[in-house]
Amino acid sequence: MIRKLNILLLITSSIAFVAVYGLKYSVEEVAKNKQALERHIEQQKGQLSLLEADWSYLNQPSYIQPIIDRHIAQLNLQPIKQTQFGSLSELPMRPVQPDTAAMTALFSSLQAGVDPADKPIGGQ
């Protein structure tokens with residue numbers, strides 16, 4: 001009986017040893033992949049920083065103005081005039097009171113129901 005138990009424990013220990021050994025190497029592989037991804041992300045962050053610096057330089061008015069001056073005739077560029085923009089007086093005003101009859105009709109058509117204890121939206 002003890003001999004069978006020893007053989008069983010030896011086999012179980014061997015299987016556990018192989019499993020732990022395999023797990024160790026799989027964890028090391030995952031750690032290598034993680035480190036490689038982190039290095040790649042850091043490289044991309046550096047490249048993105050460089051591209052953002054280039055973008056900010058290329059968008060400076062002192063860089064763009066000579067290009068505009070060179071191509072103003074070909075592109076038929078005109079300066080923007082203040083009259084091209086609208087004014088606040090051209091915007092429509094909000095209605096003073098909402099149409100409560102239309103809203104009541106909308107609620108009843110949606111069968112949402114209106115609480116009779118609530119005051120109408122206009123306050124009347």
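Student: Why is tyrosine 25 called partly exposed?

Tutor: Tyrosine 25 has a relative accessible area of 41%, and because buried means under 20%, exposed over 50% and partly exposed in between (1.4 Å probe, protein chains only), tyrosine 25 counts as partly exposed. This is a predicted model, in which local features need pLDDT of at least 70 and side-chain atom pairs count only at pLDDT 80 or more, while totals for chains, interfaces and linings use all residues. Residues are numbered from 1 along each chain as its sequence is written, and side-chain values use heavy atoms, with hydrogens and water left out.

Student: What makes Phe17, Val18, Tyr21 and Tyr25 a nonpolar patch?

Tutor: A patch is made of residues with over 30% relative accessible area and no salt bridge, where nonpolar side chains (Val, Leu, Ile, Met, Phe, Trp, Tyr) are joined within 5 Å and like charges within 9 Å. Phe17, Val18, Tyr21 and Tyr25 form such a patch on the surface, with about 470 Å² of accessible area together. Tyrosine 25 itself lies in helix H1, residues 2–58, where a helix is a DSSP run (H or I) of at least four residues, numbered from the N terminus.

Student: How do you know that glutamate 28 and lysine 24 meet in a salt bridge?

Tutor: A salt bridge needs a side-chain nitrogen of Lys or Arg within 4 Å of a carboxyl oxygen of Asp or Glu, and the distance from N to O is 3.4 Å for glutamate 28 and lysine 24, so the pair meets the cut-off. Both residues lie in helix H1, 4 residues apart, about one turn of the helix. An α-helix has 3.6 residues a turn, so residues three or four places apart point the same way.

Student: What makes helix H2 a kinked helix?

Tutor: The bend at a residue is the angle between axes fitted to the seven residues ending there and the seven starting there, and in H2 there is a kink of about 40°, centred on aspartate 69. The expected span of a helix is 1.5 Å times one less than its number of residues; a straight helix of 15 residues would span 21 Å, whereas H2 (residues 61–75) spans only 18 Å between its end C-alpha atoms.

Student: Why is asparagine 76 called exposed?

Tutor: Asparagine 76 has a relative accessible area of 58%, so it passes the cut-off for exposed. Asparagine 76 lies in the loop between H2 and helix H3, and its phi is positive, about 55°, although it is not a glycine. Most residues other than glycine have a negative phi.

Technical notes: Helix = DSSP H or I, 4+ residues; strand = E, 2+ residues; numbered from the N terminus. Areas by Shrake-Rupley, 256 points an atom, 1.4 Å probe, with all protein chains shown as cover.
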